[in-house]
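Student: I have a new structure to read. Can you walk me through it, feature by feature?

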Amino acid sequence: MTSLDKPTTEETSADTSADDARAVTEAALFEAFGGVRGMVETVLPGLLFVSIYTVNKNLHMSALAALGVALVMVVVRLVRRDTVKHAFSGVFGVGFGVVFAMMTGNAKDFYLPGMLYTLGLAVAYIITAMAGVPLIGLMLGPVFKENLSWRTRNPGRKKAYTKASWAWGLILLAKCAILFPLYWWADTTQLGWVLVALKIPPFLLAVYLTWVFLAKAPPPIDVFAEMEAEERAEEERKAAAAGEGEGAPAGRHRRQS
């Protein structure tokens, strides 16, 4: 390899920085969306519900089994002192579904609150993207320690967040376009199995597109690091001012002598 073919230090540094940025993005997305365990906690209650209902058509047994496994997953996280936000969201979703199905006596209504939530979330993604305050940026800004700095100081990341919010909104709308007709026309088991099948693939597609958009965007501005640097600088200025104040009387005393 000639000297012209060898990568320069700047190129190597740029490649390393890009790799680091992608690694940070992957880790942040994994944390924000719960990773593999979060996906399991999302799928398992619905899978248990439709499995039991397919076998015995018993709404009460199916609903209570789904709620029970959701509660067990929360307890396990609490015992392990893990993050419980994904497990708690699953319990609330299952709980609403159980209450709704018990009230109406229609097993399909177990899925209706979650479907309505998905539709509302899709609309929220699209509206916030159109308004210039993309929801995915509001969600991921604190994870990347940039808060809302991307809105005014980092237009490249704002554009990436906007694209990602559009992706999430359209993917979730497509999911709703499949599920709501089935709610009206299909039976409970058909709706349940299709819903379980559609839990993970659309989610993974949306996360992947978010990663693609953010990996190509400028790095986040760490506002927490900036605040810490400002605090240190302020402490140094105060210390310097105090040192000057202590030195001044001594100088005046020497002149008087």
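Student: This is a predicted model. Where does pLDDT stay under 50?

Tutor: Over residues 9–16. For that stretch the model has one contact beyond four places in sequence.

Student: Which helix has the lowest confidence, and which the highest?

Tutor: Helix H1, residues 9–33, is lowest, with a mean of 58. H8 is highest, at 96. The chain averages a pLDDT of 82. Of its residues, 79% score at least 70.

Student: Next, the interior. What is the general idea?

Tutor: In soluble globular proteins, nonpolar side chains tend to be buried together.

Student: How many residues are in the largest nonpolar core here?

Tutor: There are 26. Among those with the most contacts inside it are Phe49, Val94, Phe110 and Leu179.

Student: Which helices each supply at least two residues of this core?

Tutor: H2 (35–56), H3 (59–80), H4 (85–104), H5 (112–130), H8 (155–185) and H9 (188–197). H3 gives the most, with five residues.

Student: What is Val94 in contact with, leaving aside its neighbours within four places in sequence?

Tutor: Pro45, Ala66, Leu67, Ala70 and Phe110. Another core lies apart from the largest one. That other core has 18 residues, including Leu29, Ala122, Trp168 and Leu172.

Student: What span should helix H10 have?

Tutor: Count 1.5 Å a residue. The 15 residues of H10, 201–215, should span 21 Å. The end C-alpha atoms of H10 are 21 Å apart, so the two values agree. The buried residues of H10 include Pro202, Ala206 and Leu214.

Student: What about charged pairs? How many salt bridges does the structure hold?

Tutor: One. Arg157 pairs with Glu146, and their closest N and O atoms are 3.0 Å apart.

Student: Where do the two partners sit?

Tutor: Arg157 is in helix H8. Glu146 is in the loop between helix H6 (135–140) and helix H7 (149–152). The partners are eleven residues apart.

Student: Are they buried or exposed?

Tutor: Buried means under 20% relative accessible area. Arg157 has 1% relative accessibility, so Arg157 counts as buried. Glu146 is buried too, with a relative accessible area of 0%.

Technical notes: Residues numbered from 1 in each chain as written. Predicted model: local features only at pLDDT ≥ 70, side-chain atom pairs only at ≥ 80, totals over all residues. Heavy atoms only, no water. Core = buried A, V, L, I, M, F, W, Y, C linked by side-chain atoms within 4.5 Å. Buried < 20%, exposed > 50% of the residue type's maximum accessible area, 1.4 Å probe, protein only. Helix = DSSP H or I, 4+ residues; strand = E, 2+ residues; numbered from the N terminus. Contact = heavy atoms within 4.5 Å. pLDDT = per-residue confidence, 0-100. Expected span 1.5 Å × (residues − 1). Salt bridge = Lys/Arg side-chain N within 4 Å of Asp/Glu carboxyl O.
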